[in-house]
Amino acid sequence: MTMWYLYVLLCNDNTFYTGVTTDLNRRLTEHNNSARGAKYTRSRRPVKIVYYETHGSQSAAQKAECAFKKLTRKEKVLKIER
């Protein structure tokens, strides 16, 4: 069974980017070094992972991503700092 990750990046301009992946290291490298990273992060490099959580399926990870994106910035910061 493949493990899925919800991850949150802190961009160079102090904004957050949230996504899902099966490989955190590969995805971080893509965001920082290649065109395969998200368009949003390309102009906000370097980025670093500040939070992640594991999920048993892509669907579960995407639902968690959707819920995280609905949080206010203050709520996101509190969740990341836990």
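In what sense, antiparallel or parallel, do strands β1 and β2 pair, and over how many bridges? β1 and β2 (residues 16-21) pair in the antiparallel sense over 6 bridges; strands count as paired if DSSP finds at least two bridges between them.

## About the model

This is a predicted model, in which local features need pLDDT of at least 70 and side-chain atom pairs count only at pLDDT 80 or more, while totals for chains, interfaces and linings use all residues. Residues are numbered from 1 along each chain as its sequence is written, and side-chain values use heavy atoms, with hydrogens and water left out.

## Overall fold

Let's start with the outline: the protein chain has 4 helices and 3 strands, in the order β-β-α-α-β-α-α. Helices (H or I, at least four residues) and strands (E, at least two) are DSSP runs, numbered from the N terminus.

Of the 82 residues in the protein chain, 38% count as buried, meaning under 20% relative accessible area with a 1.4 Å probe, protein chains only. The C-alpha trace spans about 30 × 30 × 20 Å along its principal axes.

Now to β1 (residues 4-10), where 6 of 7 residues are buried. On the β2 side, L6 has V20 as its bridge partner. β1 and β2 form a hairpin with 5 residues between them, and N14 in the turn has a positive phi of about 70 degrees.

β1 also pairs with strand β3 (residues 48-55), in the antiparallel sense over 7 bridges. There, K48 of β3 is the bridge partner of L10.

How values were computed. Buried < 20%, exposed > 50% of the residue type's maximum accessible area, 1.4 Å probe, protein only.
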